[in-house]
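Please walk me through this structure in plain terms. I am new to it and would like to know how its side chains pair and what lies on its surface.

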Amino acid sequence: MLYLTREDMQRVMSMEEAIGALESAFRLYSSGQAVVPLRTMVDVPKHNGQAIFMPALAGDALGIKIVSTYPDNPKAGKPVTPACMVMLDEKTGEVSCLMDGTYLTQLRTAAGAGAAMRALAAKGAVVGALIGLGGQSACQFEALCVAVPTLREIRVFDIDPQRRAAFAAERDGVNGLRVLPVASGDEAVEGADVVTTVTTSRKPVFSFASVKKGCHINAIGSYTPEMQELPPELVAGCDLIVLDTADGVLHESGDLLKPLAQGLLEGKKIDTELGHVLLGEAVGRTSPEQITLYKSTGSGVMDAVCASAIMQRARQAGVGVRIG
Ligand SMILES: NC(=O)c1ccc[n+]([C@@H]2O[C@H](COP(=O)([O-])OP(=O)(O)OC[C@H]3O[C@@H](n4cnc5c(N)ncnc54)[C@H](O)[C@@H]3O)[C@@H](O)[C@H]2O)c1
């Protein structure tokens, strides 16, 4: 069995390669070649915790991600959401690899947005925006840079002013890219060609009036009916909505459930998956003027396929520690 740390994973898997892995994950899922049972949640009231088990089989990638939420952990100097990915040998069922599930989540989620930008963003995008500068943001920033290499400026916004200043200072000027901290979501989005939102917000983080024609938006944060990042007018008024998985988003995300409940999406097609676009079964962007939206809530298929690619590369490169 192989054990891989975050550093091991970073050594063997680039964002470019992760985007490729996610493209194949979406194709497998949308062509019915993946088995992704509903995630199982186990409450641990004695310790104010919850463990979440996310199994998936896609192609020969078989695994389960275990993510826990223990809000009291910081008191003991431990992370709130420890996570581990367990890969199994599809032929024997034996555990073949353990890897850092926190970094896997950051990488596969950002690479999913990267795949969406590659498929849906208008060509020649120069201005990007990133809203929400927490745990996911470093990988999301990298996905913007890798998937849209024409970007010259990325505006960054978080409700925490120190976070946005530090995030921009660390990245401004690297590879000639201007990284600008701004004071509101609207300031970030105005004039932007590609936008990623990755916050824990329960209300829209920018207004529809700020969105320019031709913009592509990745909405990553909202994964419960109460959470919301997008203005309902955008969801109603954009030209194309593409989901990572229709099952997940249409059951879980307030970004779609709230406008649906308000009757704003009647007659609008909202069940197209990125996999269908990549397979050529659904139409993507058809003009540079269109506003396109990718909404993600995440899926075990993204973990299993990305983790399998990381494991294979680590084996080839002799990276990681062998156990047993
Ligand atoms: N789609 C997926 O597959 C996927 C995967 C991982 C995480 N997520 C979700 O993405 C979100 C972000 O994850 P994280 O790990 O970075 O969380 P985090 O708590 O580390 O960071 C969230 C950041 O959002 C900022 N924020 C909150 N409200 C805001 C607002 N209105 N405007 C601007 N910034 C705001 C916070 O200040 C914080 O810096 C969470 O909701 C998480 O569940 C989705």
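**Salt bridges, an aromatic pair and surface patches**

A network of salt bridges links Lys65, Arg108 and Asp303. A salt bridge here is a side-chain nitrogen of Lys or Arg within 4 Å of a carboxyl oxygen of Asp or Glu. The model is predicted: local features need pLDDT of at least 70, side-chain atom pairs count only at pLDDT 80 or more, and totals for chains, interfaces and linings use all residues. Residues are numbered from 1 along each chain as its sequence is written, and side-chain values use heavy atoms, with hydrogens and water left out.

Side chains of opposite charge can pair when their charged atoms come close. By the rule above, the structure has 12 salt bridges. One of them joins Arg118 and Glu16, with 3.1 Å between the closest N and O atoms. Arg118 belongs to helix H3 and Glu16 to helix H2 (residues 15-30), so this pair ties together parts that lie 102 residues apart in sequence. Helices (H or I, at least four residues) and strands (E, at least two) are DSSP runs, numbered from the N terminus. Arg118 counts as partly exposed because its relative accessibility is 30%, and Glu16 is partly exposed at 42%. The terms are set as follows: buried means under 20% relative accessible area, exposed over 50%, and partly exposed in between (1.4 Å probe, protein chains only).

Another salt bridge is formed by Lys75 and Asp72, at 3.7 Å from N to O.

Next come the aromatic rings. A pair of aromatic rings is described by the distance of the centres and the angle of the planes. How many aromatic pairs does a search of the whole structure find? The search finds 1 aromatic pair. Phe141 and Phe167 form this pair, edge-to-face, with 5.6 Å centre to centre and 80 degrees between the planes. Phe141 is in helix H4 (residues 137-147) and Phe167 in helix H5 (residues 161-171), so the pair links distant parts of the chain, 26 residues apart. Rings of Phe, Tyr and Trp (its six-membered ring) pair if their centres lie within 6.5 Å; planes under 30 degrees apart count as stacked, over 60 as edge-to-face and the rest as tilted. Phe141 is buried, because its relative accessible area is 8%, and Phe167 is buried with 7%.

Patches are made of residues with over 30% relative accessible area and no salt bridge: like charges are joined within 9 Å, nonpolar side chains (Val, Leu, Ile, Met, Phe, Trp, Tyr) within 5 Å. Accessible areas come from the Shrake-Rupley method with a 1.4 Å probe; for residues, only the protein chains shown count as cover.

Met1, Tyr3, Val95, Val321 and Ile323 make a nonpolar surface patch of about 400 Å². Met1 sits in the segment before strand E1 (2-4) and is partly exposed, with 33% relative accessibility.
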